[in-house]
Amino acid sequence: MLSLRDPIHGFVRADPLEAALINSEPVQRLRWIRQLGLTYLVFPGAEHSRFSHALGALELAGRAYDSLASKSGGRLPEGPECRPRRLVRAAALLHDIGHAPFSHSAEELFEGGIDHEEMTCRLLGLERMVAIFERHGAGIEPRDVIDLIAGRGDPLLVQIVSGELDVDKMDYLLRDSLFCGVRYGNFDLERLLDTMVPVQDPLSGAWSVGVEEGGVHALEALIMARYYMFTQVYFTVVSKVLELHLACWLTSEGWRWPADPETFLEEDDLRVVSRMRESSDPHAQAVLRRDLRFPLAFETREHLSRDEKERFEALLPELEERFGAGHLLVSNSAKDPHRMATSRVLVQREGGGFEPVAQFSHFLRHLARIDRYRVYARAELRDAVASALRERWP
């Protein structure tokens, strides 16, 4: 057994398969990918890596599985050696290995239009990764992990890794909150894990991860934590403009993340920063020096309706024509705080029966989608841009 000390979960213990995967190149590469991209330039403590998040997801996947299995009436086998538990832990550990440098900041730059999930699948197909599963998998193969990450297989296992109650969210909220030095991401993890329950939808007959009535407030706290982390940390004014500068520089350089998995393994934050240091491009220098040469000129409110969004977008071509596209940077920060209605997460009522949590929770019914535009302009144009937008967008 491999034991690793984690600041969130204490000791994370890995069996031989997990230990071999942790020591593999695709997972070790995550040490050189910051979990929050350029956010460390706003919150100095946000230096944590996707490697530590992967370990946290591994640990929580085992705990979530144990909670569900204990209430499944035998549908999920119990015990640390059972195959489904080992499979879901491996999938949680490996779910992020395809992330490009600076995480989500430049996701769209993969060659061939692929995404980080497809790259994860390609990395799991490498001969040395296949060899690890052949030696330690005891019946678990890379294809099993790929299927689970892609949403195929037992829906309970799939939703542990990727769903409204997944361990990815549970870990990154607590981890990002700790390292950013904020309290927005805190919620009652123990209560939430304890009240997770496998439920069979009475309408469709499908199995899914639900929550007991006594855990609804813990679930609401998770959603609220996610909402506040996006509004107060992930979508901050400075973080967004630095991401825009990074994207502009990468685009001007013609940078693409390789579609070939072996070549992709050479890409990390350090390599990108090293290239930036050799560049005289103003966007690269803005990131390296944290130079806010494009200050905020205007921002909409935090929750735009669909009609408001379309009307604001219609103003942008006119704005760029008047001031010049190269003199403006525009960000759109958009996120659904939850998708409980579409994914139909069920509450197991204490008196019997089930109810969708989006209907059960008065709080969740009134939590609106985040959708905000910000316009940044060169310092000498800031006031003129702000004035022009205030006239058109009262």
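Which helices and strands each supply at least two residues of the lining of the largest pocket?

1. In this predicted model, the elements that each contribute at least two residues to the lining of the largest pocket are α3 (50-70), α5 (116-124), α9 (167-180), α11 (216-234), α12 (237-252) and β6 (328-335). Of the lining, β6 gives the most, with 6 residues.

2. The volume of the largest pocket is about 1,400 Å³. Its lining comprises 47 residues, and those nearest the centre are H104, Y172, R226, F230 and K335. Divided by class, the lining holds 18 polar, 15 charged and 14 nonpolar residues.

3. Helix α3 has the length its residue count predicts: at 1.5 Å a residue, its 21 residues should span 30 Å, and the C-alpha atoms at its ends are 30 Å apart, which agrees. Because 18 of the 21 residues of α3 are buried, this helix is largely enclosed by the rest of the structure.

4. The N-terminal end of α3 is capped by S49, a side-chain oxygen of which lies 3.2 Å from the backbone nitrogen of F51.

5. Helix α16 (residues 306-323) contains E313. Its relative accessibility is 32%, and E313 therefore counts as partly exposed, since that class lies between the limits of 20% and 50%. The side chain of E313 forms a polar contact of 2.3 Å with the side chain of Y373. By contrast, 37 Å separates the C-alpha atoms of E313 and R152, which are 161 residues apart along the chain.

Key
Residues numbered from 1 in each chain as written. Predicted model: local features only at pLDDT ≥ 70, side-chain atom pairs only at ≥ 80, totals over all residues. Heavy atoms only, no water. 1 Å grid on protein atoms, 1.4 Å probe; cavity = no way out; pocket = protein on both sides within 12 Å on 5 of 7 lines; lining within 4 Å. Points joined across faces, edges and corners; volume = space filled by probe spheres on them. Helix = DSSP H or I, 4+ residues; strand = E, 2+ residues; numbered from the N terminus. Nonpolar A, V, L, I, M, F, W, Y, C, P; charged D, E, K, R; others polar. Expected span 1.5 Å × (residues − 1). Buried < 20%, exposed > 50% of the residue type's maximum accessible area, 1.4 Å probe, protein only. Polar contact = N/O pair within 3.5 Å; in protein donor to acceptor, adjacent residues only side chain to side chain.
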